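The entries follow in the order of looking.

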Protein chains: 2
Amino acid sequence: MAQKPSTPKGTRDFSPLEMSRRNYIFDTIREVFRLFGYRQIETPAMENLCTLMGKYGEEGDKLLFKILNSGDYLKGVDPAMIECHDTGRLAAKLCDRGLRYDLTVPFARFVVQHRDEVQLPFKRFQIQPVWRADRPQKGRYREFYQCDADVVGSDSLNNEIELLQLEDMVFSRLGIRVAIKLNNRKILAGIAELIGEPDKLVDITVAIDKIDKIGLEKVDEELAARGLSQEAITALHPILQIDGTGTERLDKLAALLAPSEIGTKGVEELRTVVDGTMALGLNAELDIDVSLARGLNYYTGTIIEVKALDAEIGSISGGGRYDNLTGIFGLDGISGVGISFGADRIYDVLSALDLFPDSTAACTRVLFANFGTAEAAASLALIKKLRGEGIAAELYPDQAKMKKQIGYANAMGVPFFAIIGESELADGTVTVKNMADGSQQTIPVDKVAQTIA
Amino acid sequence: MAQKPSTPKGTRDFSPLEMSRRNYIFDTIREVFRLFGYRQIETPAMENLCTLMGKYGEEGDKLLFKILNSGDYLKGVDPAMIECHDTGRLAAKLCDRGLRYDLTVPFARFVVQHRDEVQLPFKRFQIQPVWRADRPQKGRYREFYQCDADVVGSDSLNNEIELLQLEDMVFSRLGIRVAIKLNNRKILAGIAELIGEPDKLVDITVAIDKIDKIGLEKVDEELAARGLSQEAITALHPILQIDGTGTERLDKLAALLAPSEIGTKGVEELRTVVDGTMALGLNAELDIDVSLARGLNYYTGTIIEVKALDAEIGSISGGGRYDNLTGIFGLDGISGVGISFGADRIYDVLSALDLFPDSTAACTRVLFANFGTAEAAASLALIKKLRGEGIAAELYPDQAKMKKQIGYANAMGVPFFAIIGESELADGTVTVKNMADGSQQTIPVDKVAQTIA
């Protein structure tokens with residue numbers, strides 16, 4: 001036989017069981033999105049390369065999958081570019097299109113392209129795969145689904161409160177206990193201002209974001225290496241060591257950041273979101289975490305991160321507020337806030353905690369044996385009735401040995417195996433075997449639906 | 001402002017309304033697949049180019065979207081190939097992967113790759129986009145969804161009978177009246193044998209497949225141009241002019257094709273499928289059509305095509321039996337039968353006949369006005385309760401002018417607009433406005449769910 005074919009590195013097939021479980025996750029999230037008034041859109045897998053390039057930094061440009069042009073794609077290409085293997089610039093000549101790298105840039109493109117039809121505030125959700133030419137490793141794939149909800153065209157913090165309710169409903173329905181961590185970019189800016197290093201905002205946040213992983217001492221070392229003065233580092237300590245309940249933390253932060261206008265604004269915003277959320281009630285734990293920096297260069301207000309409490313797996317959802325989503329396409333003034341669910345990680349948490357409902361393993365409810373032409377015809381007639389009542393039913397298509405047919409029913413995990421043989425055909429009965437306990441009974445044809453329901 | 005960004009040529013964005021309608025189609029088909037015991041799989045968007053090349057003919061190879069390799073993709077490429085613009089062979093050097101062109105080849109690859117886990121007969125369905133670098137034109141896109149169900153590893157004609165039942169249930173549920181056309185490749189082979197031109201099977205079927213469009217006379221001309229003798233063409237006429245009921249057509253075909261072994265086998269197969277199907281009953285019209293050739297080089301037995309009766313739009317579904325699906329990957333002996341639904345055409349039929357249910361236009365059931373902080377908080381608390389009862393509800397996030405908020409409710413097509421203003425807040429009531437007839441009533445908070453249900 002020829003070499004076994006395979007999927008490209010970093011990509012996956014999904015088996016029926018995996019699909020059933022993935023659909024369970026997506027259906028749960030989709031239903032919650034619907035209850036909250038988010039509406040689904042889809043964008044094409046490929047975008048014009050000019051839509052994608054420069055949006056994800058230099059490293060991101062390299063990770064874009066680019067699609068070779070059709071026809072004579074070498075026409076007009078400078079031979080010098082080929083000779084010196086200038087593959088980066090050459091790629092932009094050979095390829096006009098690339099695969100979607102995330103759902104945010106296509107969403108921004110969508111809003112600008114369709115701005116005459118889009119009603120603001122626009123609450124959209126989108127569940128589609130994205131592609132990144134990353135080095136594949138455990139849990140990191142070159143093709144994976146993103147699952148995003150965003151509202152654009154509204155500055156109200158009610159959107160943040162709603163998104164936290166949405167996160168809470170999704171994870172409550174999935175049965176995953178979570179902690180939602182909250183911060184505000186303006187608080188981070190206030191901290192940088194307060195310790196006299198406003199220009200080092202990025203350095204500070206990148207460093208303190210690691211505090212959970214590497215500890216305060218290592219963070220101090222990193223801050224020093226990034227050029228922060230010893231005074232600034234010392235001034236940071238009381239802020240990083242803030243503790244207590246949510247209200248206590250907010251009060252302490254407000255006091256510490258009082259000298260900073262932007263810091264004070266950040267604390268006010270955070271308080272509005274926390275108070276509004278707690279007033280409505282939340283199953284999740286809600287933690288204020290001033291070290292949370294997640295995608296800092298992108299977010300401008302609220303920053304959200306969700307972690308599973310019972311699994312060591314990093315964040316399973318997150319998001320935040322951003323200004324000027326569509327500015328990259330020349331349409332200014334549209335800000336928004338959004339969240340994203342990590343389907344692969346949620347899958348891993350549900351697997352690890354054995355939280356997938358039994359229904360995700362279910363397939364056909366009843367498989368009918370095949371004893372020959374007349375028996376099969378009678379079975380098909382009954383199967384048709386069962387399907388009309390919403391019961392998934394099928395006939396073993398071939399007249400194979402009974403052992404083989406039962407083996408198939410077993411392998412497929414079918415809960416009931418039904419037999420219309422010669423005697424059943426004569427009597428108008430069916431023998432129904434419960435595959436779980438091996439019991440079987442012969443019943444009239446019109447009793448099958450209720451027996452296997 | 002910068003130039004308006006757009007989707008690449010031949011690709012589309014789907015708006016919330018379009019998504020809702022597309023989901024209606026896919027959900028309907030998916031539910032029927034489930035009732036018939038088909039199980040969903042997904043394969044990656046990209047396949048190794050060697051998996052795809054040579055599977056769709058020379059023309060198909062050109063229509064594959066190829067993905068430029070990462071890193072120095074010029075390394076090891078023969079400069080002569082570049083100099084002479086040998087773009088076809090060069091593409092295979094620059095690109096290791098391509099985008100999926102259909103769902104059949106990836107399915108074959110899936111079966112071979114996972115043959116140790118797959119239980120035969122394997123009934124799978126798959127609903128995913130495919131990509132073709134075709135010239136875009138009305139109704140033809142470079143990205144479109146395919147929606148396929150196949151059963152492999154069973155030769156039984158029960159599979160055909162089931163697939164016709166499945167087609168019937170899908171279109172009954174969608175409310176589209178259809179005719180299902182049936183033929184059998186073995187009948188076509190028998191005809192070619194009978195008229196003494198067994199080697200011209202492809203020419204004959206390509207020509208007679210056009211009979212509906214161009215008429216018998218033009219078909220005769222084409223057959224002559226393809227080198228058929230006048231005797232052969234004359235011998236073909238009685239076969240092409242067979243008419244009557246299904247049984248009559250089968251009897252006439254059986255008589256005419258009696259001299260041909262393969263033709264006789266084809267008529268027997270067709271009779272089994274037709275009789276089995278009619279015994280179960282069918283909403284659709286079932287037509288035997290010996291001119292139906294659809295993808296002849298691929299199909300080896302039953303050929304199926306479904307046309308909408310009330311719209312001029314070509315076929316909206318079709319399929320057939322094939323031998324040796326996985327032979328291209330070195331695993332012989334796995335035959336199957338499958339069907340495919342054309343989602344875009346089904347969408348067009350439902351639009352043209354105004355058959356989309358109203359629910360596909362529905363979004364949020366009730367939008368709450370925003371009168372300020374306290375009112376919004378009370379609204380959010382009620383909204384939370386409504387969502388808990390499965391009612392999609394939302395708050396207008398900003399405290400905008402009432403005219404703007406009502407205008408938004410109107411534009412979104414929300415059926416109810418709810419107001420908790422100062423007096424309602426004091427009374428524990430809500431004013432609910434029916435957007436369809438403009439009527440409004442003020443009711444206690446706990447009566448809202450039943451009022452808008």
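**Interface and sheet**

I note that the model is predicted, with pLDDT of at least 70 required for local features and 80 or more for side-chain atom pairs, while totals for chains, interfaces and linings use all residues. Residues are numbered from 1 along each chain as written, chains are lettered from A in the order written, and side-chain values use heavy atoms, without hydrogens or water.

I then took the totals between chain A and chain B. There are six salt bridges. I found 105 residues of chain A in contact with 105 of chain B (heavy atoms within 4.5 Å). The two chains bury about 8,700 Å² between them, 58% of it on carbon and sulfur atoms (accessible area lost on being put together, 1.4 Å probe, summed over both parts).

I turned to a sheet in chain A. Five strands (DSSP E runs of at least two residues) form an open, mixed sheet in the order β13-β12-β14-β15-β16; strands pair if DSSP finds at least two bridges between them. The edge strands are β13 (393-395) and β16 (440-444) of chain A, each pairing on one side only.

I followed β12 (366-368) of chain A, which runs parallel to β13(A) and is joined to it by three bridges. A:Val366 has A:Ala393 as its bridge partner in β13(A).

Note on methods
Salt bridge = Lys/Arg side-chain N within 4 Å of Asp/Glu carboxyl O. Helix = DSSP H or I, 4+ residues; strand = E, 2+ residues; numbered from the N terminus.
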